[in-house]
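Please look through the structure shown here, beginning with the whole chain and then turning to two places in it.

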Amino acid sequence: MSPQSESHRDVEERDPLRLVLSIGAGATLPEEASPTSLGFKAWNLARMAAMGLPVPPAFVIGTGWCGREAPDPCLWQQALQRLERESGLGFGDARRPLLLSVRSGAPVSMPGMMDTLLDIGLTEATLPGLVRLTGNPGSPGTPTVV
C-alpha cells in the first residue's frame with residue numbers, strides 16, 4: 001500500500017502520537033506522549049489539562065509531521081469539529097467565531113526561529129461576532145505574527 005493510499009486508521013494504529021492529540025475537556029495524556037512527540041508548549045498544556053487544571057480545549061498535530069507534506073485534512077478536521085463542539089463556537093461562523101492560533105513548538109528552544117500565527121479565522125465577516133461575544137471593540141482585526 002503506498003503512503004498516499006494509507007488510511008487514517010492504519011497510520012493511527014502504528015503511531016497515534018504522529019497524528020492529532022486533543023487537549024483539555026477531559027482528554028487524557030497518552031503514556032507515550034513526550035515533549036519530543038508534541039513539542040514543549042503542547043506537552044505542558046496537555047500535562048496541565050491531565051492534572052485537572054483549567055486549560056481551554058485545543059488540539060495539536062504532533063512533531064512527527066515536521067518536514068512532511070501537510071497532513072491530510074481528515075486528520076485535523078475531526079479535531080477541529082470536536083473543538084467546535086467543546087467550545088460552542090464555529091470556525092468561520094459570523095455570529096460565534098472560533099479563532100485559532102498555530103504555535104510551532106520544538107523539544108529544543110529556538111527563540112525567533114519559528115512563527116506563531118494568531119487570530120486565524122478573524123475576517124470582516126467574523127469581526128462583528130467577535131466584538132459581540134467579547135463586548136470589547138478594542139482593536140480586533142489586527143493580524144499578529146509573533
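What follows describes the overall build and then two residues with their surroundings.

This is a predicted model, in which local features need pLDDT of at least 70 and side-chain atom pairs count only at pLDDT 80 or more, while totals for chains, interfaces and linings use all residues. Residues are numbered from 1 along each chain as its sequence is written, and side-chain values use heavy atoms, with hydrogens and water left out.

The protein has five helices and five strands, taken as DSSP runs (helices H or I of at least four residues, strands E of at least two) and numbered from the N terminus. Read from that end, the order of elements is α-β-α-α-β-α-β-β-α-β. Of the 146 residues, 26% are buried, where buried means under 20% relative accessible area, exposed over 50% and partly exposed in between, with a 1.4 Å probe and protein chains only.

Methionine 51 is found in the loop between helix H3 (40-50) and strand E2 (58-61), and methionine 51 counts as exposed because its relative accessibility is 59%.

Threonine 126 sits in the loop between strand E4 (116-120) and helix H5 (127-134), and it counts as buried because its relative accessibility is 1%. A polar atom of the threonine 126 side chain lies 2.9 Å from the backbone oxygen of glycine 121, and a polar atom of that side chain also lies 2.7 Å from the backbone nitrogen of threonine 123. Leaving aside residues up to four places away in sequence, threonine 126 touches Gly92, Asp93, Ala94, Pro97 and Gly121, a contact being heavy atoms within 4.5 Å.

Terms used:
A polar contact is a pair of N or O atoms within 3.5 Å; within protein, one must be able to donate a hydrogen and the other to accept it, and residues adjacent in sequence count only if both atoms are side-chain atoms.
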